[in-house]
Amino acid sequence: MGRQAFDLAAGVSGALKRRAEIMAQNYAVASQGLRYDFWQNQTLPQLDLVGSYGRNGLDGKVFDANGNVVADNGFGSAASQIFNDNFKDWRIGLVFSYPILNRGARGARGVAKYNFETEKAKQTVLEQDIIVNVRNAHRAIETASRQIDAAAKGR
């Protein structure tokens, strides 16, 4: 009866890829990395493109240069002007902002960096624990195999 060989390198790489706690820790590291990137971006200068479009209606009296009343518009006339697009209003612009102190974002960035580094350290410790567990299992298999061989020879 032939025995199946145990490949230590394949066992370690398989455990590091498929173990549930490794996958959970990878998600935790990625999540903290995103939080750190977000707070890092909050400390940078910002350039926004803004735009608006609207319609206006004029209400009230309209005077000419001599002070004579040209038109006496009421609410109905103003509403009609809005719905007929008589006075369109649009704007477009750029807004640049530079955070001078921004202590809140810098503090949150520091906390996020600490949490990110902590999760990466936990991941390293977890990976080392899994490697030790796989090596211990490999040694146990090798020991059991030698015991079986010794028992067979002793018979």
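Residues 24 or more positions apart account for 79% of the contacts in the protein with a separation of 6 or more. The model is predicted.

Me: Which helices and strands does the protein have, and in what pattern along the sequence?

Reply: The secondary structure comes to 4 helices and 4 strands. Along the sequence they follow the pattern α-α-β-β-β-α-β-α. The radius of gyration is 36 Å, well over the 15 Å that the globule rule gives for 155 residues, so the protein is more spread out than a compact globule.

Me: What does the C-alpha trace span along its principal axes, and what share of the residues counts as buried?

Reply: The trace spans about 125 × 40 × 20 Å. Of the 155 residues, 16% count as buried. The protein exposes about 12,000 Å², and carbon and sulfur atoms supply 56% of that area.

Me: In which sense do β2 and β3 pair?

Reply: Two strands count as paired if at least two bridges are found between them. Here β2 (residues 60–63) and β3 (residues 69–73) pair in the antiparallel sense over 4 bridges. One example is Lys61, whose bridge partner in β3 is Asp72. The two strands form a hairpin with 5 residues between them, and Gly67 in the turn has a positive phi of about 90°.

Me: How many salt bridges does the structure hold?

Reply: Side chains of opposite charge can pair when their charged atoms come close. This structure holds 5 salt bridges. One of them joins Asp89 and Arg91, with the closest N and O atoms 3.5 Å apart. Asp89 is partly exposed at 25% relative accessibility, while Arg91 is exposed at 55%.

Me: Where do Lys122 and Glu119 lie, and is Glu119 buried or exposed?

Reply: Both lie in helix α4, 3 residues apart, about one turn of the helix. Buried means under 20% relative accessible area. Glu119 has 15%, so Glu119 counts as buried. Lys122, with 46%, is partly exposed. Glu117 and Lys120 also form a salt bridge, at 3.6 Å between the closest N and O atoms.

Me: Which element supplies the largest share of the nonpolar patch?

Reply: The patch covers about 1,300 Å² of surface, and its residues include Leu47, Trp90, Phe96 and Tyr98. The largest share, 4 residues, comes from β4. Both β1 (46–56) and β4 (87–97) supply at least two residues each. Tyr98 is in the loop between β4 and α4 (103–154). With a relative accessible area of 53%, Tyr98 is exposed.

Technical notes: Residues are numbered from 1 along each chain as its sequence is written. This is a predicted model: local features need pLDDT of at least 70, side-chain atom pairs count only at pLDDT 80 or more; totals for chains, interfaces and linings use all residues. Side-chain values use heavy atoms; hydrogens and water are left out. Patches are made of residues with over 30% relative accessible area and no salt bridge: like charges are joined within 9 Å, nonpolar side chains (Val, Leu, Ile, Met, Phe, Trp, Tyr) within 5 Å. Accessible areas come from the Shrake-Rupley method with a 1.4 Å probe; for residues, only the protein chains shown count as cover. A salt bridge is a side-chain nitrogen of Lys or Arg within 4 Å of a carboxyl oxygen of Asp or Glu. Buried means under 20% relative accessible area, exposed over 50%, partly exposed in between (1.4 Å probe, protein chains only). The radius of gyration is taken over C-alpha atoms; the globule rule is 2.2 Å times the number of residues to the power 0.38. Contact means heavy atoms within 4.5 Å.
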